[in-house]
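Trainee: Please take one part of this model, the ligand and its surroundings, and go through it closely.

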Amino acid sequence: MKITVLTGGVGGAKFLLGVKSALGMDPYGDAQPEGAKHQITAIVNTADDITLHGLRICPDLDSCLYTLAGVSDQSRGWGRADETWTVSKELAAYGAEAPWFSLGDKDIATHLFRTSMLNEGRPLSEIVSTLVRKWRPGVRLLPMTDEQVETYVEVDDPTPARQTSTPDDAGSASPALRLSMHFQEWWTRYRATLAPYSITPDGAPTAKPAPGVLDAIGAADVVLIAPSNPVVSIGTILSVPGIRSAVRTTTAPVIGVSPIINGKPVRGHADACLATINVACSAEGVGKHYGARAHDGLLDGFLVALGDEFELAGAQVASAPLLMSDPETTARMVQRCLELADVAR
Ligand code: FO1
């Protein structure tokens, strides 16, 4: 079976463990069941990527690599297990940029290796294949694009207003300056507490789907939309010209999974992101935001948590426990998605 998954963030990586497990694979290995010919392709968000200290960091791709190889830090959800932070501490002592973005020593090796290949002019998708050969995640990982797309968030400048006002203009506080902040600073330094005026994947309009992305969607038996952040993971993937229409026109059933359970994001700050695009922080809000394919949307089916059921005209809505507490539980979610796909066929 060929399953293509649109994914991003830590939750998206966990979801892939369940996809592998649902197909009878070892979630942390690359062995296929005897005689099986499954192909799982993950189309991974790269708009979280950031360049710091001269290194290109690709959080969502790395979360997939590390999680599926069984070497990610289970509590943080990102970066490597058994990590040390010597270089990060030394950088902070130098007053280097972005001390709020901690880079583990093992993780830095990935960024150094990737950056050196980027500097040789190799496209990201080719570099990912090299990293996959080392980590053997058991799925094909495709960046959504080889071009640079980075999410920026427009917020009020959080730094205290400079004392430019003189005593006589008391009361006329100057309006806060707005600034365009990189997603990672907004997400990790400010924990998404700064209300965004807008969230924009810079570079998306001129980006092209990475090699293999459109084919992975068109030739799939099932397309799954992981329970990733609908705005800064799924939305950014769909913002790459050609990807949304590929999802809308594939013959494969398209099944989404709600990232919101009983009105709350499972992790991260999807609530702040959804508010920015005036979408309710609920399974129904996200389901209607994605829309039914029969009505110009994306979905043939949508899996929500127990108690979150709602009507989505033109698509099947089903419910199941959605907490991805372990690969087997996640596998049951994926199996439920595959059942929805069968109904939609
Ligand atoms: N998240 C944090 O909350 N704090 C960090 O210092 C941090 C560092 C970091 C380094 C490498 C990496 O791949 C991910 C890192 N993350 C950190 C997580 C990252 O912000 C998220 O994984 C995604 O970008 C959003 O899902």
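Mentor: The shell around the ligand is made up of seven nonpolar, four polar and four charged residues (Ala, Val, Leu, Ile, Met, Phe, Trp, Tyr, Cys and Pro count as nonpolar, Asp, Glu, Lys and Arg as charged, and the others, Gly among them, as polar). This is a predicted model, where local features need pLDDT of at least 70 and side-chain atom pairs count only at pLDDT 80 or more, while totals for chains, interfaces and linings use all residues. Residues are numbered from 1 along each chain as its sequence is written, and side-chain values use heavy atoms, with hydrogens and water left out.

In total, 15 residues surround the ligand, and Asp 48, Pro 59, Ser 102, Gln 184 and Arg 191 are the closest (a residue is near if one of its heavy atoms lies within 4 Å). Helix 6 contributes the most to this shell, four residues, and helix 2 also supplies at least two (helices are DSSP runs of H or I, at least four residues, numbered from the N terminus).

A backbone N or O atom of Ser 102 is 2.9 Å from a ligand oxygen. The side chain of Trp 78 has an N or O atom 3.4 Å from a ligand nitrogen. The protein buries 92% of the 530 Å² that the ligand exposes when taken alone (Shrake-Rupley method, 1.4 Å probe).

Methods:
A polar contact is a pair of N or O atoms within 3.5 Å; within protein, one must be able to donate a hydrogen and the other to accept it, and residues adjacent in sequence count only if both atoms are side-chain atoms.
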